[in-house]
Amino acid sequence: MVDLDSEVPPLPPRYRFRDLLLGDQGWQSDDRVQVEFYMNENTFKERLKLFFIKNQRSSLRIRLFNFSLKLLSCFLYIVRVLLDDPTQGLGCKELNRSCSINQNYTPGTIDWSPIIWVNRSLPLWGLQVSVAVISLFETLLLSYLSYKGNIWEQILRIPFLLEIINAVPFIITIFWPVLRNLFIPVFLNCWLAKHALENMINDLHRAIQRTQSAMFNQVLILISTLLCLIFTCICGIQHLERAGNRLTLFDSLYFCIVTFSTVGFGDVTPKIWPSKLLVVIMICVALVVLPIQFEQLAYLWMERQKSGGNYSRYRAQTEKHVVLCVSSLKIDLLMDFLNEFYAHPRLQDYYVVILCPTEMDAQVRRVLQIPMWSQRVIYLQGSALKDQDLLRAKMDDAEACFILSSRCEVDRTAADHQTILRAWAVKDFAPNCPLYVQILKPENKFHIKFADHVVCEEEFKYAMLALNCICPATSTLITLLVHTSRGQTAPWEAFRQLTGTKQTLNRDCQQSPEQWQKMYGRCSGNEVYHINLEESTFFAEYEGKSFTYASFHAHKKFGVCLIGVRKEDNKNILLNPGPRYIMSSTDICFYINITKEENSAFKKQEKHRKNHESKLSYHGASRLPVHSIIASMGTVAIDLQDTGCRASSGATLALPPDGGKEGRRPSIAPVLEVADSSSLQTCDLLSDQSEDETTPSDDEVSAGLEYAKGYPPYSPYIGSSPTFCHLLHEKVPFCCLRLDKGCQHNYYEDAKAYGFKNKLIIVAAETAGNGLYNFIVPLRAYYRPKKELNPIVLLLDNPPDMHFLDAICWFPMVYYMVGSIDNLDDLLRCGVTFAANMVVVDKESTMSAEEDYMADAKTIVNVQTLFRLFSSLSIITELTHPANMRFMQFRAKDCYSLALSKLEKKEREKGSNLAFMFRLPFAAGRVFSISMLDTLLYQSFVKDYMISITRLLLGLDTTPGSGFLCSMKITEEDLWIRTYARLYQKLCSSTGDIPIGVYRTESQKLATSESREMASQSQISISVEEWEDTKDTKEQFSYRGNHRNSTSSDQSDHPLLRRKSMQWARRLSRRAPRHSGKTAEKINQQRMNLYRRSERQELAELVKNRMKHLGLSPAGYDEMNDHQNTLSYILINPSPDTRLELNDIVYLIRPDPLTYVPNAAPSRKDSFCNTVGQDTREETQL
């Protein structure tokens, strides 16, 4: 290698730094030439221009001096007028002219001498001459410095002409003393003062680097113009009337005010025609100049109304405010933010400053004019990328800045780029302002890691939709937890009038439709709160005890659900750390309750209350909570009960008749204060999902189901949290990931040919975005049992990219297929007939529409088609607008849905931000909108832990020692538990699980229920007997009414029956007017049942014919098994005495299985490469 030091010779001594600065004689003999730059700025003219014009501060001083000089000249003119006496006629005597000053004024004749000559004393003349000389010299100098080649442009300027008129005559009087008393209109200097004031303001803005509002500048110009007009008119009339009425300055002021105000008393009027002409000229000038000024002022006022003006600096320093930055402000977004932000009592005094680049639309303007919002919400039109607009919003003094993305943009990546730039601009302008950022694409999240709180829509959306498939209605559960609510209830009397039902219990002790809404609405008020353990009344007594012991007894005593903790010296939140975790006094406890402990009042129950409760009979799940009495407003009164555990054996824990089976424990073990290893047994209610089989079965070995556990070796985007998952030992070739096309490795071309043991989960999306990766990870998490893993089929409109296939090829049973949900053949090929769940993701290309709410039109119609074709399929749909969920599974003539629609409108009129919560699809978790999670970002301003807890619940983050969300189903063998409190005790004492809610499914006891339908069909057969005395037909129809689940092929074999049914329906319609109102309604319902059944048969025939055409067996298609007559809802943290019912699904937070495995922590850090090489026994040790 060549030595560089040897090639570069050192500088000779004469090129030292000192010589270069000072110079030496050696340069003369050198070939180098010294060049001086910017020589043009060294001339005398450029130096003067730099001082008088270019330099901001020196130019401002010059302007201020010029303005003061003009005001001084006007003041000297007023002094001269006050000292002057028009009767002396000094100017006439000096010129030896014959003047008759003392003669009386006669109309028609004008004595011009008082107008031409004035009395000017020598000192006053000297001052005015000095001012004139200085002014003229400054004007000529500035004209010379600003000269650009056109001299007439400088001479013909109005300020230059006025300066010549006011200054040159005074200079002439120096050389010609006879003209010393000549009248000079010095009062015109007021217009030069106005011009100097405008220039001075402009220089002031440049000097202090702060721009005043255009409104302030225009108001200042208008006032100065008006003052100049009045001053000119006053001085002109006063001087001209020296030859007339000889008015004083005050008389002239009085006349001008009366004239310009159009009052015109007439007591003071000009007498000679020059003064009258001046009045006419001034009025004409005022009529031309002032309207122009007012028009500009009105225009600026309208522009200011659009842009919003500025947020006061004084208010920013004395009051608290937050800034909301959005690309476009919609009324739904605004109301969601305001309702959620101001739902917290301590935020009532905050101001909200909205910074938006678009003009405020009419709906937003009407809302912001409401007194409740007009005093607290300020709209500023501007960009977050401009420092001036950030200064207007006082971003540096803001308590927080919320930056929201525009999810309705066609290009969501471009919307994220705009959000990133806004976040960077705010961070650069106000580094100490907390940032709350909403991003759309997960691959863009790492650009804004510096933000205090970040919510990525696609991450949360896909993780929530994935959990909906294994824990029903997880989306509804999370939505209710992150919304601030006091527990909404509907007007039940109105609802009963709309539906025609009574609030009674049936013989099965099931509550009426009003009652389920009452329980659901009451439990929806539960939220997540936090408190320090040593300061808490709920949890202080459990210091030094296990977490499960504290959670169980706090729920039993206070009705609160303890779900997690955080150590004082650790930022990580642990959800259900398990019975081995010991509570410390410095721990932060996170719990679910109607309200936080600080807003609760406690009162001790009397002892006889307990005896009275033991005598009360239980009335089923409709019974109101007794452990937690919730008030709709104000504080919450919580009754304290005895914390002692119930006896392990007693009448209250009597087992059902089959309770003596082998393996069933006769009673529930108590929850230990400090857990030991013997207490951690597998729960009898369900199998331990975290346990892996150590010995694979023969079927698994033959099918190649030996999965490994480890971290995915490839992530499709930067910033994804590593998750321990079930993985394959070797990645699947890309050709094998295609479900509908065979390859050299397998010849399957449809989902049926694969012979999956578990039902499918189908995801219909437009493109395979990086967020779809978060749908797969929760369904392949390590704590999911291998035998319960559902195959995942991605139904994509566009083929996926190679990098996405690289990410999913390591996961077992994940396939994709190019197709669309509006194509029946594609649905049948991907296995929709034996799918457990169908997830329909909102398409990005349809999120923007000319009419906002029409963005969901295609998705809603396609889902409705799926609902009609495959009524037994569980469909989970994502919508853009929450208001459109009323169209999901739409049935136009369903009385119950119509009643709910009217209730929703009433709730919306009351200003509820969860008016749609009583809609059956939302309550059942079958519909979801990502905009409902906007409140998660808003709540983080008060609850900075909500995003972390939500990510842990959804499986987006995994913290060692933190639990995960799962569910269990209550079967007939589990009904001996009876109540939610006993279930809580059973889970805490056995597996350490913490239940947080119940998902309940009931039958609708309305006109759409099965009993009503069968009854109506029997009534049809009776009515038919009046017209058709055919015994065979009657028996066939009765047989049809008693066998609703018969297939359409049976009906197709009897075309006569279908034809007769339509004839009966027509006859019923003709005879309907003879009956009363109730009878007509029943007959109409019977006719609709016949029509509905016939339509169902036609749809079933269509599906079966397509299946036969594609070579698929129609055996698995059951078109008559649907869930139209059921309703489902969530009870978050129900009261301890809530009765469990059959098929209830309980939400659980299960402890981390690896917490109980010895040496688990080091094993979790192993890479996937180390994991795939281990055998099955070694994998279990993870």
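Me: What makes a stretch of residues a helix or a strand here?
Reply: Helices (H or I, at least four residues) and strands (E, at least two) are DSSP runs, numbered from the N terminus. The model is predicted: local features need pLDDT of at least 70, side-chain atom pairs count only at pLDDT 80 or more, and totals for chains, interfaces and linings use all residues. Residues are numbered from 1 along each chain as its sequence is written, and side-chain values use heavy atoms, with hydrogens and water left out.

Me: Which helix gives the largest share of the nonpolar patch?
Reply: Helix α13 (residues 273-307) does, with 4 residues. Leu277 has its place in helix α13.

Me: Why is Leu277 called partly exposed?
Reply: Buried means under 20% relative accessible area, exposed over 50%, and partly exposed in between (1.4 Å probe, protein chains only). Leu277 has a relative accessible area of 42%, so Leu277 is partly exposed.

Me: How do you know that strands β18 and β19 pair?
Reply: Two strands pair if DSSP finds at least two bridges between them. Strand β18 (residues 835-840) is joined to β19 by 4 bridges, so the two strands pair, and they run parallel. Val839 stands opposite Ile876 in β19.

Me: What makes β19 and β20 a pair?
Reply: There are 3 bridges between β19 and strand β20 (residues 927-929), in the parallel sense. Leu879 has Ser929 in β20 as its bridge partner.

Me: Why is strand β19 called mostly covered?
Reply: In strand β19 (residues 874-879), 5 of the 6 residues are buried.
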